[in-house]
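Me: I am new to this structure. Please show me how to read its features, one at a time.

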Amino acid sequence: MTRGQLRRMADLARDEGYRVRWEEARGGTTAPFHTIGGLAGSLRRADRIVMGDPFSRYVQLLLTITRARDLVVVDDGTATMEFVAQLARGERLVRWHRKGGRPGARDLLFAPVSSSARRRLTPSDRRRVEVFSSMPVTEVPDGVTVTANDFAWTRARFGPPRITQSADLVGTSLVETGVVDGDRYLEAVRNLAEAHGATRYFAHRRESAGKLRRLAAGTGLEIVRPDLPLELIARRGPIGRTVLSFPSTVVHTLPLALAGTGVRVAVCDIDPSWLTDTASPRAEGFLSGVTGTARDVHRLAAVSPA
């Protein structure tokens, strides 16, 4: 799903007049070396680098090559909140759901590259760093420019959508990342769908096929695997009058993308009893913060059938 969405976004970028170069960076053992070698010259010559996921080892490795004076992080994911906070505190870059665990062998091996990337993402007299995101940022490092993404392009490019009378439910990859127990998640989705009359389940791109089959069989929901990011899918429509979600990026982005349509975005908090034994100690607080900082969303009191 991730590759499919990237290809569709590449098509949209071409439609907007941009030249796109596609790299099969994960297409086999030698692919990373070919990609890095092929991009090295362009990275060294570039004055400005725009990147997506600053926690990605691939991105961090590419950052060690560039000499660009202008670095821009473009990310509307919940990880943005953690990235900026870690940068402000001078901490090593670790995804929130892994924080608190012991570094593995690969982490230790990659530590020098990660440290170098963090230094390059720290503003200086020779380097400007900007974060472009719709996510709330509270701890802003000195010198970092934060620009709000208000989804103006999305609203101008797509829609307005046709609104249905039913509800839609947005999936999450919290089971795949080891944060939430799979059985508890299935039960929560079933109860949420029954309570609010949801008919469709928009799968997260990282949700496993096996889990989605269980959800379809156990809830009766139509599983939709979007070929574009959900904000664009929702803006094109049709979309339910109510969109239900667990704590995730969409509780921040969908109200912006769907502004003026009358669609209500509702969020259901993750009950602490759903967390796995191996979940990060920060998981409960982080997920609560994702919900608590969301604007223009309706918070659901509980997950239970009507």
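**Reading salt bridges and the backbone**

Reply: Start with one pair. D70 and R128 form a salt bridge, and their closest N and O atoms are 2.7 Å apart. The pair ties distant parts of the chain together: D70 sits in strand β2 (residues 70–74) and R128 in strand β3 (residues 128–133), 58 residues apart. Keep in mind that this is a predicted model.

Me: What makes such a contact a salt bridge?

Reply: A side-chain nitrogen of Lys or Arg must lie within 4 Å of a carboxyl oxygen of Asp or Glu. For D70 and R128, the N and O atoms are 2.7 Å apart.

Me: Is D70 buried or exposed?

Reply: Buried means under 20% relative accessible area. D70 has 16%, so D70 counts as buried. R128 has 36% and counts as partly exposed.

Me: Which residues are linked with D70 and R128 in a network of salt bridges?

Reply: R48 and E130. Together with D70 and R128, they are linked in a network of salt bridges.

Me: How many salt bridges does a search of the whole structure find?

Reply: The search finds 17. One of them joins R157 and E16, with the closest N and O atoms 3.3 Å apart. R157 belongs to helix α6 (residues 152–157), while E16 lies in the loop between α1 (2–15) and α2 (31–45). These two residues are 141 residues apart, so the pair links distant parts of the chain. R157 is partly exposed at 33% relative accessible area. E16 is partly exposed too, at 38%.

Me: Where do D269 and R299 lie?

Reply: D269 is in the loop between β9 (264–268) and α11 (283–292), and R299 is in strand β10 (residues 298–300). Their side chains meet in a salt bridge, 2.8 Å from N to O. D269 is partly exposed at 28%, and R299 is partly exposed at 44%.

Me: Now the backbone. Which peptide bonds are cis?

Reply: Look at omega. The bond from G159 to P160 is cis, with omega near 5°. P160 is in the loop between α6 and β5 (163–170). A cis bond also joins G237 and P238, with omega about -5°. P238 lies in the loop between α9 (230–236) and β8 (239–245).

Me: What is phi of F151?

Reply: Phi is near 65°, a positive value in a residue other than glycine. F151 is in the loop between β4 (144–148) and α6. At 7% relative accessibility, F151 counts as buried.

How values were computed. Residues are numbered from 1 along each chain as its sequence is written. This is a predicted model: local features need pLDDT of at least 70, side-chain atom pairs count only at pLDDT 80 or more; totals for chains, interfaces and linings use all residues. Side-chain values use heavy atoms; hydrogens and water are left out. Helices (H or I, at least four residues) and strands (E, at least two) are DSSP runs, numbered from the N terminus. Buried means under 20% relative accessible area, exposed over 50%, partly exposed in between (1.4 Å probe, protein chains only).
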